[in-house]
Amino acid sequence: MKKGIQFMVKAGAAAAACVFLLAGCQFFSTPDKEFSKAGMSITLTSDFAETEVVTQTATYQSKDSVVMALKEEFTLFEELGISSDMTLGEYAELIFQTNAITSTVEEKEGLTCFRYQKEINGKEMTYFAVVEKGSDAYWLFQFSCESKNYEKREKSFIEWAKTIKI
């Protein structure tokens, strides 16, 4: 389990960085396009397009941001002897442990979230991650951009995260 979660987050981070590095910069307007997949929906701007990343349930990219969604079904945890009755904070802590992430769980505008940074291909990336719990799975949503642009993006990341429906 730990290796599975660790692989998924690392592979997702690398994939997001690759997608991001191929694109330029652009500023966003208000969210206006709903994307749905595997029992979740999120509203982003029409600047986003869905892309395929094998390690993620859904991935959406714009010219300067990437949004990744990972669905981890309760049966996966139960097979490994981990209770699927975790709180969102406990799920986030499990993500920290299995991915060597140094962060703290926060409650921000009704979201259970955390932030972390990683250097990918020589660029410092910042991730705003939100965890959610559905009726059959936990979800990890990661919003990322280059760290130098994070302050300008954080408000949009939070607004988009607040549109998540499971």
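Student: How much accessible surface does the protein chain have, and what share belongs to carbon and sulfur atoms?

Tutor: In this predicted model, the accessible surface of the protein chain is about 7,800 Å². Carbon and sulfur atoms account for 50% of that surface.

Student: What percentage of the residues are buried?

Tutor: Of the 166 residues in the protein chain, 52% are buried.

Student: Which confidence values go with the model, by mean pLDDT?

Tutor: pLDDT is the predictor's confidence in each residue. The protein chain has a mean pLDDT of 88, with 81% of residues at 70 or more. Residues 18-28 fall below 50, although the model gives this stretch 35 contacts beyond near neighbours in sequence.

Student: What pattern do the helices and strands follow along the sequence?

Tutor: The chain has four helices and nine strands, in the order α-β-β-β-β-β-α-α-β-β-β-β-α.

Student: Which residues touch the most other members of the largest nonpolar core?

Tutor: The general idea is that nonpolar side chains tend to be buried together in soluble globular proteins. Here the largest nonpolar core holds 24 residues, and Ile42, Tyr60, Phe128 and Phe143 touch the most other members. Elements giving two or more residues to this core include strand E2 (40-44), strand E8 (123-133) and helix H4 (150-161).

Student: What is Ile42 in contact with, apart from neighbours within four places in sequence?

Tutor: Its contacts include Phe35, Tyr60, Val67, Phe143, Trp160 and Ile164. There is also a second, separate core of 21 residues, with Phe77, Met86, Tyr116 and Ala129 among them.

Student: What share of contacts joins residues at least 24 apart?

Tutor: Among contacts between residues at least 6 apart in sequence, the share is 51%.

How values were computed: Residues numbered from 1 in each chain as written. Predicted model: local features only at pLDDT ≥ 70, side-chain atom pairs only at ≥ 80, totals over all residues. Heavy atoms only, no water. Buried < 20%, exposed > 50% of the residue type's maximum accessible area, 1.4 Å probe, protein only. Contact = heavy atoms within 4.5 Å. Areas by Shrake-Rupley, 256 points an atom, 1.4 Å probe, with all protein chains shown as cover. pLDDT = per-residue confidence, 0-100. Core = buried A, V, L, I, M, F, W, Y, C linked by side-chain atoms within 4.5 Å.
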